[in-house]
Amino acid sequence: MFFFMMVILRSIRNGLNPLKYIIPNWLEALMLQSIGTDKFPYLNNPAWYVSALLIGSYIVYYFLRNHRKAFTQIIGPLGIIVIFSYFYRKYECLQGFIVTEGIWCNQAVLRALLGLTIGVFVYLAAQWCRDKHSERFSVLFVLIETGIFIGVPAVALFSSDYSYDFAYLFLFAVGIFCSSQDKILGKLSGTRVVTWLAEITYPMYMVHFFVILLINKYWDTTVWHWWHIPVYIVETVIVAAVLHFIAKKLVNAVSSIIK
């Protein structure tokens, strides 16, 4: 749905036949644009990460399923060190996702593997800590996670030093670990509003670039105003909610036909 929305939007903006966008971008339609072709821009640029996660998850899942001990004790830690040091030495940031060097030194997939592997260790640490009855540290977990989830975006907003990316990565890992143990703020996750927002998180991510293009088309964005941010967020949430509703209806319809 997101792919065809971008096809329609770009066709209207540029006055071209939709097939001019569908045929050359068939890899993106299959969520394989991060496979290493170095072709950019995409129709929906942020969707590169979904593609990279899709590819990377096959690799991580294979090792977890078939070589769990080797992955958690050797391959995973070594992979984090190698990928981390590669990006730091080569680019001094974690912004790249287009270039593929050598046989398959793919920026996008390497970033996905780095994040997925760290996520595996955060999950394992969370499971271990939960088994140790960590309720007495709940207040500490809340303070740490709140400080990280507010502090890191604040620093990133006012700093253009991309070398901080590497610190942000591990700080967010710590924040996610703390939130997994949180029994105080964690109660909010069961509220209706948070549950609803969690349900449309994926469509919000996939549609936010579409909303940006719409805003650039119909607004004069040459002059910056802070009120643009809440308007952009509200528009993204509304469009994502509508698309999520339509997608659920389509899935239910297809399921009923198959049954």
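This is a predicted model: local features need pLDDT of at least 70, side-chain atom pairs count only at pLDDT 80 or more; totals for chains, interfaces and linings use all residues.
1. Ground rules. Residues are numbered from 1 along each chain as its sequence is written, and side-chain values use heavy atoms, without hydrogens and water. Local features need pLDDT of at least 70 and side-chain atom pairs pLDDT 80 or more, while totals for chains, interfaces and linings use all residues.

2. Largest pocket. A pocket is an open set of points on a 1 Å grid over the protein atoms alone, with protein on both sides within 12 Å along at least five of seven lines; lining residues have an atom within 4 Å of a point. The largest pocket holds about 830 Å³, the space filled by probe spheres set on points joined across faces, edges and corners. Of its 23 lining residues, Tyr-49, Leu-94, Arg-111, Leu-169 and Phe-172 lie nearest the centre. Helix 6 gives the most, seven residues.

3. Second largest pocket. About 290 Å³ lies here. Met-1, Phe-2, Phe-3, Tyr-202 and Met-206 are nearest its centre, out of 16 lining residues.

4. Cavity. There is one cavity of 30 Å³ or more; a cavity is a set of points where a 1.4 Å probe fits but cannot get out. The lining includes Asp-38, Tyr-42 and Asn-106.

5. Helix pair. Helices are DSSP runs (H or I, at least four residues), numbered from the N terminus. The axes of helix 4 (residues 48-66) and helix 5 (residues 68-90) come within 5 Å and cross at roughly 115°. Axes are lines fitted to C-alpha atoms over the stretch in contact, with angles from 0 to 180 degrees between N-to-C directions. Contact (heavy atoms within 4.5 Å) involves Phe-63 of helix 4 and Phe-71 of helix 5, among others.

Notes
Helices (H or I, at least four residues) and strands (E, at least two) are DSSP runs, numbered from the N terminus.
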